[in-house]
Amino acid sequence: MGNVVVFDHPLIKHKLTFIRDKNTGSKEFRELVTEVSMLMGYEVTRDLPLEEIEIETPLTKMKSQVISGKKVGLIPILRAGLGMVDGMLNLLPAARVGHIGLYRDPETLKPVEYYCKLPQDIEERELIVLDPMLATGGSAVAAIDFLKKRGATSIKLVCLIAAPEGVKAVTDSHPDVDIYVAALDEKLNDHAYIVPGLGDAGDRLFGTK
């Protein structure tokens, strides 16, 4: 069963308040999303494996630890997931970035992939899927499906805000995927928006309606 981690760090709670505030403009919204993504990245990368190497300080030789093993891939779900990439890259500058674009078919209501560009070696990478909102969970489940079909074996999902319905959808479909959220909100409304939420993350990031 995948774990669900809800962050309780004061800095994340503080910044999330202003992300939610409808009076926060696009520029500040983007900066805050970047900052919160970076703060979340500390916990998301907690279990990266380490190896010991020898270095020389100005005083003496010593053994010290560096990250080893699996390389990391960041996979934003277009378009809102793009807002979380820079914060993660601040921590993981060597990570490769792939992109998945999805839209909902108006008749079947199922997610359809319209764009997918991934690192060639995703089966060797620890993949971190980025999407600010986990609402119904349809897009996240579909994106993870696509990644697994292409050989991915290690996947985490990182979202700013989630609804219980979205968390359940992902954990039911992909029990091996850990979910990290800055806040778990109350519910979805009749239009599948998270309540209290923050509105449409893509529109607020990019200044569209």
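This is a predicted model: local features need pLDDT of at least 70, side-chain atom pairs count only at pLDDT 80 or more; totals for chains, interfaces and linings use all residues.
As for where they sit, the elements giving two or more residues to the patch are β2, at 50–56, and β3, at 61–67. Let's pick out Met-62, which is in strand β3. Its relative accessible area is 35%, so Met-62 is partly exposed.

Let's stay around here for a moment and look at Ser-68, in the loop between β3 and β4. Is Ser-68 buried or exposed? Buried: its relative accessible area is 12%, and the cut-off for buried is under 20%. If we skip its neighbours within four places in sequence, Ser-68 is in contact with Pro-49, Leu-50 and Glu-51.

Now let's head inside. In soluble globular proteins, nonpolar side chains tend to be buried together. In our model, the largest nonpolar core has 35 residues, and the ones touching the most other members are Ile-19, Met-40 and Val-158. Quite a few elements supply at least two residues each, including α1 (10–20), β4 (71–78), β10 (154–162) and α6 (201–206). And which element gives the largest share of this core? That's α2, with six residues.

Leaving out residues up to four places away in sequence, Val-158 touches Met-40, Val-44, Met-84, Met-88, Ile-128, Val-129, Leu-130, Asp-131 and Tyr-180. There's also a second, separate core, this one with 26 residues, and among them are Val-141, Ile-155, Ala-162 and Val-167.

Last stop: His-174. You'll find His-174 in the loop between α5, which is 164–173, and β11. With 3% relative accessibility, His-174 counts as buried. What does the His-174 side chain make a polar contact with? With the side chain of Lys-148, at 2.9 Å. Again not counting residues up to four places away in sequence, His-174 touches Val-141, Ile-144, Asp-145 and Lys-148.

Conventions:
Residues are numbered from 1 along each chain as its sequence is written. Side-chain values use heavy atoms; hydrogens and water are left out. A nonpolar core is a set of buried Ala, Val, Leu, Ile, Met, Phe, Trp, Tyr and Cys residues joined through side-chain atoms within 4.5 Å. Buried means under 20% relative accessible area, exposed over 50%, partly exposed in between (1.4 Å probe, protein chains only). Helices (H or I, at least four residues) and strands (E, at least two) are DSSP runs, numbered from the N terminus. Contact means heavy atoms within 4.5 Å. A polar contact is a pair of N or O atoms within 3.5 Å; within protein, one must be able to donate a hydrogen and the other to accept it, and residues adjacent in sequence count only if both atoms are side-chain atoms.
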